[in-house]
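Please take a moment to look over the sequence and the 3D structure shown here before reading on.

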Amino acid sequence: MLHDRVLVRTDIPEGERRSSGGIVIPATAAVGRRLAWAEVVAVGQSVRTVEPGDRVLYDPEDRAEVEVRGVAYVLMRERDLHAVAAERLEGSEDSTGLYL
């Protein structure tokens with residue numbers, strides 16, 4: 001990984017989704033701008049806020065996909081991340097483990 005790039009693996013495959021009530025939402029359904037969670041796999045040497053293993057919130061519309069050894073990943077800049085959820089942040093008494 002180079003510079004400020006972050007390589008993430010998405011949590012859910014694209015396609016149909018289920019609502020909390022069990023209703024199937026087809027992949028072609030129009031929804032508003034929706035952010036997605038992913039797990040950080042690798043980071044460049046200039047990345048300061050995330051580490052491999054962290055979960056990040058990103059915009060699926062602004063992504064570059066890459067396939068490595070048959071597994072699909074998303075490559076993005078650190079500044080394109082919206083939030084980070086990391087277990088290392090949960091050690092503080094007043095920390096929620098999530099920062100924006």
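In this text, a residue is called buried when its relative accessible area is under 20%, exposed when it is over 50%, and partly exposed in between, using a 1.4 Å probe and counting protein chains only. Residues are numbered from 1 along each chain as its sequence is written, and side-chain values use heavy atoms, with hydrogens and water left out. The model is predicted, so that local features need a pLDDT of at least 70 and side-chain atom pairs count only at pLDDT 80 or more, while totals for chains, interfaces and linings use all residues.

Helices (H or I, at least four residues) and strands (E, at least two) are taken from DSSP runs and numbered from the N terminus. The chain has nine strands and zero helices, and reading along the sequence therefore gives the pattern β-β-β-β-β-β-β-β-β. Of its 100 residues, 22% count as buried. The chain exposes about 7200 Å², of which carbon and sulfur atoms supply 49%; such accessible areas come from the Shrake-Rupley method with a 1.4 Å probe, and for residues only the protein chains shown count as cover. If contact is taken to mean heavy atoms within 4.5 Å, then among contacts between residues at least 6 apart in sequence, 60% join residues at least 24 apart.

The interior comes next. A nonpolar core is a set of buried Ala, Val, Leu, Ile, Met, Phe, Trp, Tyr and Cys residues joined through side-chain atoms within 4.5 Å. Which members of the largest nonpolar core touch the most other members? Of its 13 residues, these are Val6, Val8, Val50, Val56 and Leu81. At least two residues of this core come from each of strand E1 (5-10), strand E4 (36-43), strand E5 (55-58), strand E7 (71-77) and strand E8 (81-85).

Val56 is found in strand E5 and is buried, with a relative accessible area of 0%. When its neighbours within four places in sequence are left aside, Val56 is in contact with Val8, Ala36, Trp37, Ala38, Val40, Val50, Leu81, Ala83 and Val84.

A salt bridge is a side-chain nitrogen of Lys or Arg within 4 Å of a carboxyl oxygen of Asp or Glu, and a search of the whole structure finds three of them. Asp4, Arg5 and Arg77 are linked in a network of salt bridges: the side chains of Arg5 and Asp4 meet at 3.2 Å, N to O, and those of Asp4 and Arg77 meet at 3.8 Å, N to O. The latter pair links distant parts of the chain, with Asp4 in the segment before E1 and Arg77 in strand E7, 73 residues apart. Arg77 is partly exposed, with a relative accessible area of 29%, and Arg5 is partly exposed at 27%.

Glu39 forms a salt bridge with Arg9, the closest N and O atoms being 3.5 Å apart. This pair, too, links distant parts of the chain, with Glu39 in strand E4 and Arg9 in strand E1, 30 residues apart. Glu39 counts as partly exposed at 30% relative accessibility, and Arg9 is partly exposed at 33%.

On the surface, Val66, Val68 and Leu75 form a nonpolar patch with about 180 Å² of accessible area together. Patches are made of residues with over 30% relative accessible area and no salt bridge, where like charges are joined within 9 Å and nonpolar side chains (Val, Leu, Ile, Met, Phe, Trp, Tyr) within 5 Å. Val66 is found in strand E6 (residues 64-68), and Val66 is partly exposed, with a relative accessible area of 32%.

The backbone remains to be considered. Most residues other than glycine have a negative phi, and most peptide bonds are trans. Arg69, however, has a positive phi of about 50 degrees although it is not a glycine; Arg69 lies in the loop between E6 and E7 and is exposed, with a relative accessible area of 84%. His3, found in the segment before E1, likewise has a positive phi, near 50 degrees.
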